[in-house]
Amino acid sequence: MNNDRLFQCHRGPVTCAVEIPNSSSIITSGYDCAVAVFNRATRKAKLLGYHQHLVNKVAVNAGGTLAATASSDYNICIWDLRKEELYKVLRGHSDDVEDFVFIDSDMGASVSRDRRIIVWNLESGAIKRIIYGHEKDVLSVNYFEGKLYTSGDDMTLRVWDINTGKEISRFGPYETETDTCAIDQVNRRIVLGCDDGIVRIFNIDTSEAVQQLSGHVSAIKKVAVSPLNGDILSAAYDQRILIWDSRDNNMKQKLVPKSGLWERSFNWTPDGKRVTAGTFDGTVLIWDVATGECIDELGVVLKQKGNCCFNDIASMENHRVVTVSDDGLIRIGELTEHSANWITSFYPNAGRTLMNAITYDSANKQIIVGTHEQNI
């Protein structure tokens, strides 16, 4: 591969990290618009290519030969993993594409903030069917036995017939958004992660509620099911990564948290023995499920703290400004008509976490920030 396609890590948050079946490689997507492959054995990374906007999700087919990346450039890129090159671009959405699922070797389905579900012919790139019905952004899609399962900001989980596009059943609306869903094929269950911190489980054949799992104190942004035994992983803004036993639905493991982890990025490895995720620092984390320990981090090459994606800025005295960002650092800079320089950076006393908002209290000389884990 050419040197211009070699790189060390993403320049900003890694939104998704998926291990490619039958390999030692993990494919990633990021806010830097890049799609890359990290090799666990060589500890090197290769750049596959770029979208024109941030990439939200990666999906890999069962054979590990194709990957799909869903992007805020409104497109889906299909990548040939054997040749390590772009295979096809799927164009048809009119807003951010949030998720994609491979249906079989010929078809796939995507969901978007344009509220539509699109079923694609992967060989030709043509649209086979557009499914309407969601009333707000659609954020998650799964496929099983001729049905699509989708959820999103309209606080519902919906089931669709893949052949007709007709809605078969609906769960909700709930009181909060339902950003993530997954299918437990082993035990024939639907798993729904909700912004009220509850994991809801349903029987896939009867649609009856099986159980509610309460282990989070803030919004759940990813649920995923082990291909080995159906154990459920849930990750939320409270920085808790929990594993639930498929046999009795009790909490089985709590993965050790790491600074800067991105809750939406979690996935099981194909053997069900490890979990992968991305960070706001541009790196990839790997956990051992049996011990709960984080056993590796790929792409650690930064020579300075942080890998910023700024979220808010506030004015201080003496031409100074203060910012907060995804990497958890508070930065103070000086901005004048003739110059712009960073003065200092630091983590808050409560520890490193993503911060969304900031203001400066000039009367008391205090910096006040709001964090992703719902604290001030």
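I looked up the bridge partner of A59 in β7 and found A68. Strands here are DSSP E runs of at least two residues, numbered from the N terminus, and I count two strands as paired if DSSP finds at least two bridges between them. The model is predicted: local features need pLDDT of at least 70, side-chain atom pairs count only at pLDDT 80 or more, and totals for chains, interfaces and linings use all residues. Residues are numbered from 1 along each chain as its sequence is written, and side-chain values use heavy atoms, with hydrogens and water left out.

I then checked the pairing of β6 (residues 55-60) with β7, which is antiparallel over five bridges. The two form a hairpin with five residues between them, and G64 in the turn has a positive phi of about 70°.

T69 has C77 as its bridge partner in β8. Three residues lie between the strands of this hairpin, where Y74 takes a positive phi near 80°.

Next I asked how many residues of β7 (residues 66-71) are buried. Six of the six are, so the strand is largely enclosed by the rest of the structure; buried means under 20% relative accessible area (1.4 Å probe, protein chains only). L66, A68 and A70 point one way, while A67, T69 and S71 point the other way. In a regular strand the side chains alternate between the two faces of the sheet.

Last, I looked at β31 (residues 320-325) and β32 (residues 330-335), which pair in the antiparallel sense over five bridges. V322 stands opposite I332 in β32.

Key
Buried means under 20% relative accessible area, exposed over 50%, partly exposed in between (1.4 Å probe, protein chains only). Helices (H or I, at least four residues) and strands (E, at least two) are DSSP runs, numbered from the N terminus.
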